[in-house]
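Trainee: I would like to learn how to read a model of this kind, beginning with the surroundings of the ligand and going on to the sheets. Could you take me through it step by step?

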Amino acid sequence: MNPSLNLMDLEELTSNAKQIQEDVLEEILTLNANTEYLHRFLHGSSDKVLFKKNVPVVTYDDVKPYIERVANGEPSDVISGGPITMFLRSTGTSGGKQKVFPVNDKYIEKLGYVIALRSLAMSKHFDSGGEQGKAMEFHCTKPPSETPSGLPVFAVFSSFFMSDYFKNRPSKCNSEYTSPDQIILCPDHNQSLYCHPLCGLVQRDEVVRVGAAFAFVLVRAIDFLEKHWKELCSNIRSGHVSEWITDLEGRNAVSTILRGPDSILADVIEQECSHKSWEGIITRLWPKAKYIDCIITGQMSQYIPMLEFYSNKLPIVSTTYGSSESTFGMNMDPLCKPQDTSYTCAPNISYFEFLPVDHKGDMASIVDLVDVKLGCYYEPVVTNYFGLHRYLIGDILQVTGFYNNTPQFRFVHRKNVVLSVRSETTTEEDILKALNHVGLVLESSDLMLMGFTCYADISTFPGHYVFYWELKAKDVQDVFELEEKVMVKCCSLLEESFDEVYRKNRSKDECIGPLEIRVVQQGTFDSLMEYFISQGGSIAQYKTPICINSSEALAVLENKVLARFFSEKSPPLDS
Ligand code: AMP
């Protein structure tokens, strides 16, 4: 695949989705027909009709034994017709379990291809030079672990940034990022988190976009900046990088960018960062920034108000949707409101089928990419080049429209992530909507929600929903006091926005107890992230789980609870 694309390629790709999908399936079946896995169902045939008839729709547990055998040293063709040269580790924080997926360099190429497509889509909207400049993006990597047979296991973004594909990218000669590659590749996250803004501040007049892979990383980076700006200014003033930046390659690369003492720049930054409020800090520090680039849909949508506050409401562009199983698609309307983001499927990446959410066990209701219906909800089923066949991704998407002949999808929520105490099922989407509902109350109290998660506590009767909230004052120098009245109101508002089944269980039947908010100390959600990273995840890919069911993760939160608040009255029922 050639990443030197033009707008016509984009139009062609999306106009011919049906044929492209047919070709992709044929190619995959020809490649994989003789793997042990597919042979069980197709007996060496690569017939597409037989594939749909015989190959079952599966989840991770079904394919795990095959994947593990390859990881333990058996040949790739247990599952994949092509060579397996590495594994990708999914974060496991959204679905609950850690999973690894076999891939090879072709995955990286395809990811690079979608990134190139996404840049094309962006260029359509910023053709007046908005894209000409540099990106200050908070990317980081984590060195791979190894399977028992010695193959590397990467997080997706690490596999991309540590690949030859990235190292030898054509755009590198234009230094499209303010940070040198050595900072993206630095194995110490804190050192890279420090050096990214240092390089970005020194080149502040060239920065046209500020971003990270996921919104969470960007919010964390701003928090880090809030704690370290004085030291950054002092480095800029003296022209020397702090001694604790010990990664030699990174240190040398940053020193070259610093170019000696600059007290005028240090004064400007000091003045901006000394404001009592950090409202608009992104545009004040990087005045030419045109937009924020990070994934802000799904779990990340909780960070929209915060990023709007820090960026003076610059457009927040959520460009891509994908997973370790397969890259999926890109946002063709980048300047839409973040809440309205849809992703257009790239039909040449994998073979995509869609299982209607209300299939009621009827697997024959599965449809091809081009046959999905507007407004309907589906779970994507992926057949990729590396050994996953008809694999359920575990996300729920809604069809929002078509770009040429290719469907566009809104990310609705992760499947199975629900709170339930009795008969109600509260989805990830319901929880995010409820949080939106309390946004105004928090705003009028000058508070920001830095992180949240929740679980259904059924250890006592009646069980109840528990939310953990990390709050912060909007004005950086303010130490906030929690007002009981405000917090109790937030509890009630959350309950009011849940559906009728919840409210009935809570009000009439008293089978659900009052909702509780436990406010935790600042930094708690960093500790939660560290806990998950210690289990093998990577920061760049991390997503704070909306619901938690691991007792170890809950213990991290419980140790940091500052105060508890309960809803005081039952939510009203619909008349
Ligand atoms: P991982 O395999 O760890 O990379 O996680 C992949 C999962 O992250 C997907 O299945 C989604 O649940 C979530 N995800 C990835 N991209 C997006 C996006 N643009 N919007 C919402 N959720 C996303």
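Predicted model: local features only at pLDDT ≥ 70, side-chain atom pairs only at ≥ 80, totals over all residues.

Trainee: Which element gives the largest share of the shell around the ligand?

Mentor: Strand S9 does, with three residues. The elements that give two or more residues to this shell are strand S9 (320-322) and strand S17 (406-414). A residue is near a molecule if one of its heavy atoms lies within 4 Å of it, and of the 16 residues around the ligand, Thr91, Thr297, Thr320, Ser324 and Asp395 come nearest.

Trainee: Which side chains have a polar atom facing a nitrogen atom of the ligand, and at what distance?

Mentor: A polar contact is a pair of N or O atoms within 3.5 Å; within protein, one must be able to donate a hydrogen and the other to accept it, and residues adjacent in sequence count only if both atoms are side-chain atoms. Here a polar side-chain atom of Thr297 lies 2.6 Å from a nitrogen atom of the ligand, and one of Tyr343 lies 3.0 Å from a nitrogen atom of the ligand. In the side chain of Lys543, an N or O atom is 3.1 Å from an oxygen atom of the ligand. With accessible areas from the Shrake-Rupley method and a 1.4 Å probe (for residues, only the protein chains shown count as cover), the ligand taken alone exposes 500 Å², of which the protein buries 96%.

Trainee: In what order do the strands of the parallel sheet follow one another?

Mentor: Two strands pair if DSSP finds at least two bridges between them. In this open sheet of four strands the order is S3-S6-S7-S8, and the pairing is parallel. Strand S3 (134-137) and strand S8 (316-317) are the edge strands, each pairing on one side only. Strand S7 (residues 291-295) pairs with S8 over two bridges, and Ile292 stands opposite Ile316 in S8.

Trainee: Why is one side of S20 and of S23 left without a neighbour in the sheet?

Mentor: Four strands form another open sheet, in the order S20-S21-S22-S23, with mixed pairing. Strand S20 (447-457) and strand S23 (561-566) stand at its edges, each with a single partner strand, so one side of each has no neighbour in the sheet. Strand S22 (residues 516-520) and S23 run antiparallel and are joined by five bridges, and Val519 stands opposite Ala563 in S23.

Terms used. Residues numbered from 1 in each chain as written. Heavy atoms only, no water.
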